[in-house]
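Thanks for coming. I will go through one structure today, starting with the overall fold and ending with a few single residues.

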Amino acid sequence: MTRLLILAGLLAIVLSLGSALLHLVRTKGESSEKMARALTLRVGLSILLFVLLLVAWWLGWIQPHGS
Amino acid sequence: MAQAHAPTSTVSEKYYVPHGSPWPIVGSVALFTTVGGGALWLNHVNAGPWIMTLGLALLAFMFVGWFGTVIRESEGRLYNEAVDRSFRMGMMWFIFSEVMFFAGFFGALLYARQFSVPWLGGEGTKLLTKVVRGDSFEATWPTNGPGNIGGDFEVIPAFGLPAINTAILLLSGVTITIAHHALRAGNRRVLNMFLAATFLLGFLFVYLQATEYIEAYTHHNLKLTSGIYGSTFFPLTAFHGFHVTMGALMLVVIWFRCLKGHFTPTHHFAFEGVAWYWHFVDVVWLGLFIFVYWL
């Protein structure tokens, strides 16, 4: 379950990054603003995922290699 | 490092083609010299390292010269909307090649962990393989395989430098985002400050990564030759580190341009391209951190 949550988080991050790339390639309208927003979302989700990893480890749900 | 401007009366109406540019041939010679020198070095020819260094110096010269040329063309309003579209398409295909590059390495890691190592351990229909081999190899990860190639080793714990490096790159993601919004808001002071913070964090990441490698080689006996683990761990993390280095150098170029007053709140494609690239290497690291150190 924890692994699925981590993978889902990573997928959401990749999708927000991909969305920003599409806005970067477009030249019309509000694409520049939408790109900045998508990248901000990307950063927020990444921090959330990092915190999730730490919390999952603290609760004993997940263990890194070599521990 | 290009920057296309909005169409104004001063912008060129023709699609700009830089006839007679020396940089492509300089780049070709530089790459040939670098790779040739490297090949000679691997074959124990004494001049190899010197030839490779010469090639790298020529490559650096080309970067400085070519970037400078493109920046002058951009500031000279030689690029129109069609050129702007070309830059954006170029960026998209460049990123596509980068995604494929890393997909190859992540794919190798996935294949080794999910298929080849379990098969060597006799999983599923490969039980006969284990019987014929007659060894006691148990499929676990991390491993250097049935031959214990490279000898016993320890992995780098996730809660050492890797976690610190993850925090550093995530922080750099925050600083580049603040710089991005500052540029759009016309706040040049915040832009310059947070852009500088971003590439400094990037260089700190590379320094700590090098420290981790020294630690791996000297205290953990973890080497490139440590079987399947070493030969997936080092290429993945080293190529990522190379990308961080290149991204940080691109950020330095953009920072100098910002200091010189280039870019406007509405037209700053060069900044956007480099910023997106920085977010990309950040996400690749997050994937690395999860798949290499945790799952």
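**Fold, core and interface**

In chain B, 76% of the contacts with a separation of 6 or more are between residues 24 or more positions apart; contact means heavy atoms within 4.5 Å. Before going on, some housekeeping: this is a predicted model, in which local features need pLDDT of at least 70 and side-chain atom pairs count only at pLDDT 80 or more, while totals for chains, interfaces and linings use all residues. Residues are numbered from 1 along each chain as its sequence is written, chains are lettered from A and ligands numbered from 1 in the order in which they are written, and side-chain values use heavy atoms, with hydrogens and water left out.

Chain B has eight helices and zero strands, so its elements read α-α-α-α-α-α-α-α from the N terminus on, where helices (H or I, at least four residues) and strands (E, at least two) are DSSP runs numbered from the N terminus. Its C-alpha trace spans about 80 × 45 × 35 Å along the principal axes. Of the 295 residues in chain B, 46% are buried. Buried here is under 20% relative accessible area, exposed is over 50%, and partly exposed is in between, with a 1.4 Å probe and protein chains only.

Now the core. Which residues of the largest nonpolar core touch the most other members? They are F233(B), F271(B), W276(B), F289(B) and Y293(B), in a core of 79 residues. A nonpolar core is a set of buried Ala, Val, Leu, Ile, Met, Phe, Trp, Tyr and Cys residues joined through side-chain atoms within 4.5 Å. Both chains contribute: at least two residues each come from helix 1 (2-25) and helix 2 (31-58) of chain A, and from helix 3 (81-120), helix 5 (161-185), helix 6 (188-219), helix 7 (227-259) and helix 8 (269-294) of chain B. Helix 8 of chain B gives the most, with 20 residues. A second, separate core has five residues, including W23(B), A30(B), L59(B) and M62(B). As background, nonpolar side chains tend to be buried together in soluble globular proteins.

Leaving out residues up to four places away in sequence, Y293(B) touches P64(A) and H65(A) in chain A. On the chain B side, the residues it touches include E212(B), F233(B), W285(B) and L288(B).

That brings us to the interface. Contacts between the chains involve 33 residues of chain A and 41 residues of chain B. The buried area between them is about 3300 Å², and carbon and sulfur atoms give 78% of that. Buried area is the accessible area, with a 1.4 Å probe, that two parts lose on being put together, summed over both. On the chain A side, L24(A), F50(A) and H65(A) lose the most area to chain B, together 21% of what that side buries.

Is D282(B) buried or exposed? D282(B) is buried, because its relative accessible area is 2%. Beyond its neighbours within four places in sequence, D282(B) is in contact with R42(A), L169(B), L170(B) and G173(B).

Next, the backbone. Most residues other than glycine have a negative phi, and most peptide bonds are trans. The bond joining W141(B) and P142(B) is cis, with omega about 5 degrees. P142(B) is in the loop between helix 4 (127-133) and helix 5 of chain B. N148(B) is in the loop between helix 4 and helix 5 too, and its phi is positive, near 50 degrees. N148(B) counts as partly exposed, because its relative accessible area is 33%. N221(B) also has a positive phi, about 50 degrees, and sits in the loop between helix 6 and helix 7 of chain B. With a relative accessible area of 25%, N221(B) is partly exposed.

Last, a pair brought together from separate parts of the sequence.
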